[in-house]
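Please take a tour of this structure with the viewer open. Each stop says what to select and what is found there.

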Amino acid sequence: MSTATQPAAFRRLRVRLARNGLRVALEAGRVRFLSVIFSTLVVSGFAFGFSLYLFGQLTANAIPFKGAIVGFLFDLLFFTLGSMLVVSTGVILYASLYTSPEARYLLSTPARADYVFATRFQGAVAFSSWAFVALGVPIFLAYGVSAGVPWWFYALLPAFLLGYVLLPGSVSALGCVLLVRFMPRNRKQFALGVGAAAVVLLGVWGYRAYWAARHTLVNQGGELETLIGRFELVRSSVAPSHWMTRGVLAAARGEAADALVQLALVWSNGLVLYLLAAAAAKRLYRPGYDRQAGGGRGKKVYRDSVLDRVMGLLVFYLDRPTRVLVVKDFRTFRRDPTQWALLILFGTLMLVGAGNFRSYMSADLAVMDKYAVSLMNLGGTAVLLCAGLSRFVFPLVSLEGRKFWILGLTPVSRDTILWGKFAFAATGSVIIAEGLVLTSDLFLGVPAQLLGLHAAALAVVALGLSGLNVGLGAVMPNFRETDPSKVVVGFGGTVNMVAGLGFLLAVIGLMVVPFHGAQFGRPLRGADAAVSWWVYAGVPAALALGVLAVVLPLRAGARALRGVEF
Amino acid sequence: MIELTNVTKRYGPKAAVKDLSLSVPAGELFAFLGPNGAGKTTTIKMLCGLLFPTTGTVRVGGFDLVTEGDQARALISYVPDQPFLYDKLTGREFLQFTTDLYGMPAAKARVKIAEVVELFHLDDFVDDLTERYSHGMRQRTVFAAALVHEPKLLIADEPTVGLDPKSVRELKGLLRRLAAGGTTVFLSTHTLDIAEELADRIGIIDHGRLLGCGTLAELQTHAAVDGNLEDLFMAITEEAGRETAASRTP
């Protein structure tokens, strides 16, 4: 039997799945389908507008070392997005290759292991990178508009972005195949060892960045160079993120040869890594599948955990049945490695965002910088909270799936089930968000009024987003889907994300921005400005918005759940 | 057709299959019985090449599943207890994908697809997306896909679960015809009536060990039990359970 027809068979499979999926989406309702497109465009439009404003400010205010700053920011952006792609592709690919029913079906046929790998790889990369492309394209378009780049800059952008997506995806795929095949049987020890090594490395790098940041001021070039130099990892000549930055900036300057060299570097390395991953899959995928199916050292015994008891204590204010439901949700969450791996990623990003290296240098910061940094921390944390809740909380009702009848037959009302999920989401998000931002604000030495405003704003954002995600998740569930990441990218998930972003912008704009705005108007290195009552004028409206964001979606969700049939 | 020689499969310290040796000739309908957790599905997955034996060899059609897996799998069709279909493909597209995977020439594939569509009465829904199929429709489509490429060995794990009586009867007739036509059928089931009615030979496994293998009459003689397959099954597995408990007692 020849395997020569298999590549074409898989290509036809992907085309048919895409075509039929699109047809079903249109048949389900053009309005719904177009709403998803529109919502995505809104998010991209927001990214474009915000980026255009920031790049414009760099030019308008004649910020020194603008080129170095833009280059540095692009390096960080590509490095961060690339790192996120590695993790998200790995998580999706692991599930796709080793635990999905489709993998079991394909591996029981004469399909070659590398062809199965290739088709799953394409799906995983496409799925994990759409957000990168949706956000990356507007940012670079904005840069192009503000910098007055040649027309072919825009033509090269898709080539750069697609080439870069291939690179971390291939690294992730190779790592996934190798890890599953060769990971030590004692996974706990291995994970602890890797985690400890990562913490040590991060600590060393963070310490060096801290001391460099201590002596840095924006208008003193020597220190800026030193600071940027501390991020030598992301700016190294062997870092793909740096090839991207060099290529994109060369294209912006009209230097075609340079741009194409960097583009070729990105694509050639991406393709080589992909070939390596496919070759590894050809030899190691099936043995890895066998090894993964066999489990670790032996039968794992799942017991009650102290974490479950802590979760139960945190929701002490709820009645017992609701508390039990919250602990059930937490337990299923913490036992799913694909969920908490992504949570760790989100948590790290929030930590980096809120623990901005300049946060700890209150004595060296100008008044304006202090307020700018604290606002950035708050905004960044709120956006990541929105993304995190969308990813982990919105799918909660959907993930009950066809097993919902089990809960439905218990003497617990469906309203209680929904409130339990709200309590689960709200408790975690309030604790994490408040802890991060308030700690950072204390280090920054912001005044007590602002500290209180930030605390109140974050509480409103966390509670409101929790209500939105749980409520909308119940109004627009997807009970057929068992993969939470696929629930999120559906129509409901997209609407939820856009609503959440709009909500947090409104709350932060009403509650917090007036106070910061009053400080931005003062001279550099001046004392804290006295604030008048008008900076608090938006607080009642924001509080009312928060109450609506909790009550309305949860009411609608409860009504929807009561009417669901199984 | 099937040769398992001293096959052991360990999951960590636990052996799911212990020193299993079994031979099934071509054209035989072999029923594989055992309680839950006995090692039936592990054995079946080793026959498909999804799992590799820790020790021993598994051969199908003379090909070793570990070293010549692709050639062996070209002869096999596996229908699991929870069959997989692509939700966003029609039944016909799934059949076409299957023929492509097994390298069937296009002209022959068209003929065979038309045959199985008629055989399994798929006409009414074969051009609908499979996400809209009922359980019975899914089962018939999966069997159609399993047979469209004319396998030498059909492995079916609990094929009658969720089927209505009419469908069960049709399935039994199909399995009989397949075996009569030279296809080896390896059937894993809890439904002892079906095994007793259809199987040429029966294998009983428990705690990873093959406790008995042969025709119903041979098993009755071996176990010194006169009753039906259910009596035989209970006697053999309970006896094995007592022996295992005795061997653990200090």
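How many residues of chain A are in contact with residues of chain B? The model is predicted, and in it 33 residues of chain A are in contact with 25 residues of chain B.

**Stop 1: the chain A side of the interface**

Select α1 (6–28), α4 (101–107) and α11 (256–293) of chain A; these are the elements that give two or more residues to the side of chain A that touches chain B. Colouring by class shows twelve nonpolar, twelve polar and nine charged residues on the side of chain A that touches chain B.

**Stop 2: a helix pair in chain A**

The axes of α10(A) and α11(A) come within 7 Å and cross at roughly 150°. Because of that angle, α10(A) is roughly antiparallel to α11(A); angles over 145 degrees count as roughly antiparallel. The crossing of α10(A) past α11(A) is left-handed.

Now show the side chains of the contact:

- From α10(A), pick P240(A), W243(A), M244(A), R246(A), G247(A), A250(A) and A251(A).
- From α11(A), pick D258(A), A259(A), Q262(A), L263(A), L265(A), V266(A) and N269(A).

By class, the residues of this contact of α10(A) with α11(A) are nine nonpolar, three polar and two charged.

**Stop 3: the domains of chain B**

Move to chain B and colour domain 1 (2–75 + 152–248) and domain 2 (83–150) separately. How far apart do the C-alpha centres of domain 1 of chain B and domain 2 of chain B lie? The distance between these centres is 27 Å. Six residues from domain 1 of chain B and five residues from domain 2 of chain B make the contact. On the domain 1 side of that contact in chain B, there are three nonpolar residues, two polar and one charged.

**Stop 4: a sheet in chain B**

Select strands β2, β1, β4 and β5 of chain B. These four strands form an open sheet in the order β2-β1-β4-β5, with antiparallel pairing. At the edges are β2 (14–24) and β5 (63–64) of chain B, each of which pairs on one side only.

Next, zoom in on strand β1 (residues 2–11) and strand β4 (residues 55–60) of chain B, which pair in the antiparallel sense over five bridges.

Conventions: Residues numbered from 1 in each chain as written. Chains lettered and ligands numbered in written order. Predicted model: local features only at pLDDT ≥ 70, side-chain atom pairs only at ≥ 80, totals over all residues. Contact = placed C-beta atoms within 7 Å. Nonpolar A, V, L, I, M, F, W, Y, C, P; charged D, E, K, R; others polar. Domains from an automatic or database assignment. Axes fitted to C-alpha atoms, helices over the stretch in contact; angles between N-to-C directions. Parallel < 35°, antiparallel > 145°, perpendicular 65-115°, else oblique. Left-handed = near helix turned anticlockwise from the far one by under 90°. Pairing = 2+ DSSP bridges.
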